[in-house]
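Subject: Structure handover

Hello,

Here is the structure I said I would pass on. Please open it beside this email and follow along; my notes come after it.

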Amino acid sequence: MPDRFDRVRAALADCAARTEAELASLYPEDPDRDISKVYEIEKYSLMAGGKRIRPFLVTGFCAAFGKDRDAAALRLAAAVEMMHTFSLIHDDLPCMDDDDLRRGRPTSHRMFGEAPALLGGDSLSIRAFETVMSAPMSAEERCRAASALADAAGSRGMIGGQMKDMRGETERLDFASLLKLHSLKTGRMIMLSAYLGCVAAGLADGDPRTVAAGEYASKLGLAFQVTDDILDAVGDEKTLGKSVGGDAGHGKTTFLTYMSPEEAGRYAAKLTEEAKEALAPYPECGLMCDLADLLAVRKK
């Protein structure tokens, strides 16, 4: 019997394959052994699989709202995945979360050593901007995309959220601070992905479709993090492909600091419905609504 999520799972798999092909095309052979080693370190984490949710948001919103702009969307999707992977490499380091597993494999610093992993992450964060600036779009669109990437990844976005996350290891954050933490650390890159899909589609910042995509992504990102917190507490390590219980072990403030797993599950479901409501005027975004539902019931 067909599963209600078969369509979105097939679309995710197709996007992942196309994104990985795009990423592979951006790595030329280099005879310099040190440069080629940096490439190896980058690609080890970059090509390790994963759900590729962020690239899917880029390509999905572009497909919903634009025509014949897939090449631009794929290039921006690759850039987002580079920046996301940079954050994972650094997040796993001993000075941060000190994780041994990522996507079922040894983390980058376990595979290559701490300093090489640090450099590989650094390189990816820079390569992301190089990739944006090579996208087949107008100069104005490339500048909008690069500016948005910088804002989402930097001190007012993902890195600022990571700083709050570290503070949450040594002091209990109130609920409002926890919400802001995750709106920055996780939410901003998810919102960026939806926004870049709109840029790739040729939409202006004030277009109602761009605004709706941002509202959807804001709720989706928060629901995604709530589910992550649940899985970190009660998930199966073999299924997840990474260590579980790490947040509790580090004494971090999470949504489960304030809620039981059952309450957190209901909160994630409410956020998912709000995400879908933002796209209600746009039936062409049905796949994005299916994605929200799928992420709400994921097990990894």
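Aspartate 228 sits in helix H11, which covers residues 208-234. Its relative accessible area is 21%, so aspartate 228 is classed as partly exposed; the cut-off for buried is under 20%. Between aspartate 228 and alanine 296 there are 68 residues along the chain, yet their C-alpha atoms are separated by 9.9 Å.

Please keep in mind that this is a predicted model. The average pLDDT of the protein is 92, and 94% of the residues reach at least 70. Confidence is lowest in helix H12 (residues 237-240), where the mean is 50. Where pLDDT is low, the predicted coordinates should not be read in detail. Helix H7 (residues 139-153) is at the other end, with the highest confidence, 98.

H7 is worth looking at next. The helix has 15 residues and spans 21 Å from its first C-alpha to its last, close to the 21 Å expected at 1.5 Å a residue. Its buried residues are Glu141, Arg144, Ala145, Ala146, Ala148, Leu149, Ala152 and Ala153. These buried residues pack against H4, helix H6 (114-132), helix H8 (158-167) and helix H10 (187-200).

Now the nonpolar cores. The largest has 70 residues, and Leu57, Phe61, Leu76, Tyr216 and Leu291 have the most contacts inside it. Helix H4 (residues 70-91) gives the most to this core, with 11 residues. A second, separate core has 11 residues, including Leu178, Ile230, Phe255 and Tyr267.

Which residues does tyrosine 216 contact, leaving aside its neighbours within four places in sequence? They are Leu57, Phe61, Ala275, Lys276, Ala278, Leu279, Met288, Leu291 and Ala292.

Phenylalanine 86 is in helix H4. Is phenylalanine 86 buried or exposed? It is buried, because its relative accessible area is 10% and the cut-off is under 20%. Not counting residues up to four places away in sequence, phenylalanine 86 touches Gly121, Asp122, Leu124, Ser125 and Met158. Glycine 168 lies 82 residues from phenylalanine 86 in sequence, and 22 Å from it in space, C-alpha to C-alpha.

There is also some empty space inside. Rolling a probe the size of a water molecule over the atoms shows where empty space is left. The structure holds two cavities of 30 Å³ or more, and the largest cavity has a volume of about 100 Å³. Its lining is made of 13 residues, and Ser45, Ala48, Asp92, Arg102 and Ser108 lie nearest its centre. Helix H2 (33-46), H4 and strand S2 (105-106) are the elements that give two or more residues to the lining of the largest cavity. H4 gives the most to that lining, with three residues.

Last, two backbone angles. Most residues other than glycine have a negative phi, and most peptide bonds are trans. Aspartate 68 has a positive phi, near 55°. Aspartate 68 lies in the loop between helix H3 (53-65) and H4, and counts as exposed because its relative accessibility is 81%, where exposed means over 50%. Arginine 103 also has a positive phi, near 55°. Arginine 103 is found in the loop between strand S1 (101-102) and S2, and its 25% relative accessibility makes it partly exposed.

Regards

Notes
Residues numbered from 1 in each chain as written. Predicted model: local features only at pLDDT ≥ 70, side-chain atom pairs only at ≥ 80, totals over all residues. Heavy atoms only, no water. Core = buried A, V, L, I, M, F, W, Y, C linked by side-chain atoms within 4.5 Å. Buried < 20%, exposed > 50% of the residue type's maximum accessible area, 1.4 Å probe, protein only. Helix = DSSP H or I, 4+ residues; strand = E, 2+ residues; numbered from the N terminus. Contact = heavy atoms within 4.5 Å. pLDDT = per-residue confidence, 0-100. Expected span 1.5 Å × (residues − 1). 1 Å grid on protein atoms, 1.4 Å probe; cavity = no way out; pocket = protein on both sides within 12 Å on 5 of 7 lines; lining within 4 Å. Points joined across faces, edges and corners; volume = space filled by probe spheres on them.
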